[in-house]
Amino acid sequence: MAAFPIILWILHYVICILAMEDDDVQIINGMGNKISVLPDGSCRCQKELTKWDKLFVMLENSQMKQSMLQHAIQEVCRVDCRRVQSEIHQVTATFAETATRAVERAMSQLAARPDWKPAYKVEDFGKPKTENESEQKNTLQQLLTVAQDLSIRLHTLEMSWQKAMPVPFQSSSQDGNESAQRKLDSFEWSRPGGEGTETQRCLAKRLLPSGYEMALIFPMRSRTIYASVHPDAMTLSSFTASVWVKASASQEKTVVFSYGTKRNAFEIQLYLSRSSAVFSVHDNASRAVAHDAVSLGQWSHLCASWDSAHGNATLWVNGQAAASSWSGVAVGRVVPDRGLLQLGQEKNGCCGSGGFDKNLAFAGRLTGFNIWDRVLSEHEIQSLASRESSRSMAGNVVAWGVTEVQAHGGATFIYH
């Protein structure tokens, strides 16, 4: 019986404990959820954060705050910039209006006082020199140096010319004129700075065949020095080509002019071979060769004619028929259009200067290049070779001084 109260006490304790556990049962979303509560009031299901987790949380919070701060600063700056821009526009408009009124008022006052004179001169203000003024001074100094150099070179040229020309040009005899002309033709001159002077024009006048005012100079043999001619059309069943040449050098093949297409680079060619002149149509197999036709340093007139009906090709030198091929030269052939017509080089490739050879380049002077679409008569060719009337005849396919001629590389034009 003594144990009975003890058993009752134990049962009462167990019932109290069960009642306490039932109080901790909560209803979440209509379902029973038993939560284990620790003595400090925290929940067992909550995971304790480590120091790294706490660090990452701090970093995320700081980045978020930094982004918010930057956005706020940008917004403030944008508003301030707009306000400053608006104020600048207002100030500019006000200043411009004020300045305009001031200038108009000053101009009206000056107009009302025609006897007004400034009390000060510009040099009295003593403005500091700016960077632009310094650059202008340097440029003027360079121009002065170049002008002095050109003056010295021109003086030297004139002295050399006077020493080289002891015989007057107004010689009464024909021999005297020919001697003076030979001395003039052998005299070489340069153009300092590319500018023509009165002395150079005088020299050019005497160095060119009579009647021509322009010549083309090829200073040396080079694959990049040549001239391109651009006629309107080059479809030819017959033609006559005329040119004055003064060669300073001649090799096995020195091209005076050539015309070629993509299909055939040798449609028309006139070239020098040492002292001979060679004329060919369509290819080099059929050609006319004039021996001892040119002399270096002297002007020579070359004229080549060809007709497709009979295949006759003739080469004239200084008004005289020097070589002929009376039949068999490109009979029935028509020279096609859309090719390249060049002076001082031959088209030895499909395009541009990539197919040029410096050993074929012309070196010297050239003028009076004309082409007709017919065979000229003997009298017309002799007139072309005359230094007195050659300028009056111009070709109807290529006319010297009319048809476009573009100089490339170091090729240059001289005038008088």
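**Core, charges and rings in a predicted model**

Me: Leaving aside neighbours within four places in sequence, which residues is phenylalanine 369 in contact with?

Reply: This is a predicted model, where local features need pLDDT of at least 70, side-chain atom pairs count only at pLDDT 80 or more, and totals for chains, interfaces and linings use all residues. Residues are numbered from 1 along each chain as its sequence is written, and side-chain values use heavy atoms, with hydrogens and water left out. Contact means heavy atoms within 4.5 Å. With neighbours within four places set aside, phenylalanine 369 touches Val229, Ser242, Val243, Phe257, Leu341, Leu343, Val398, Ala399 and Trp400.

Me: OK, and how many residues does the largest nonpolar core have?

Reply: A nonpolar core is a set of buried Ala, Val, Leu, Ile, Met, Phe, Trp, Tyr and Cys residues joined through side-chain atoms within 4.5 Å. Buried means under 20% relative accessible area, exposed over 50%, and partly exposed in between (1.4 Å probe, protein chains only). Phe279, Leu343, Phe369 and Trp400 have the most contacts inside the largest core, and its residue count is 55.

Me: Which strand gives the most to this core?

Reply: Strands (E, at least two residues) and helices (H or I, at least four) are DSSP runs, numbered from the N terminus. With 6 residues, the top contributor to the core is E5.

Me: How many residues are in the other core, the one with Trp316?

Reply: That core lies apart from the largest one. Its members include Trp316, Trp372, Leu376 and Met393, and its size is 7 residues.

Me: Moving to charges, which residue forms a salt bridge with glutamate 346?

Reply: A salt bridge here is a side-chain nitrogen of Lys or Arg within 4 Å of a carboxyl oxygen of Asp or Glu, and the structure holds 4 of them. For glutamate 346, the closest N and O atoms of the pair are 2.9 Å apart. Glutamate 346 is buried at 4% relative accessible area, and its partner, buried at 16%, is lysine 253.

Me: How many residues apart are those two?

Reply: Glutamate 346 sits in the loop between E13 and E14. Lysine 253 is in the loop between strand E5 (238–249) and strand E6 (254–260), so this pair links distant parts of the chain, with a separation of 93 residues.

Me: Which ring does lysine 253 lie over?

Reply: A charge counts as over a ring if NZ of Lys or CZ of Arg is within 6 Å of the ring centre and within 35 degrees of the ring normal. Lysine 253 is 4.9 Å from the ring centre, over the face of tyrosine 271.

Me: What kind of pair do phenylalanine 218 and phenylalanine 362 form?

Reply: Phenylalanine 218 is buried at 1% relative accessibility, and phenylalanine 362 is buried at 0%. Their centres are 5.6 Å apart with 85° between the planes, which makes the pair edge-to-face.

Methods
Rings of Phe, Tyr and Trp (its six-membered ring) pair if their centres lie within 6.5 Å; planes under 30 degrees apart count as stacked, over 60 as edge-to-face and the rest as tilted.
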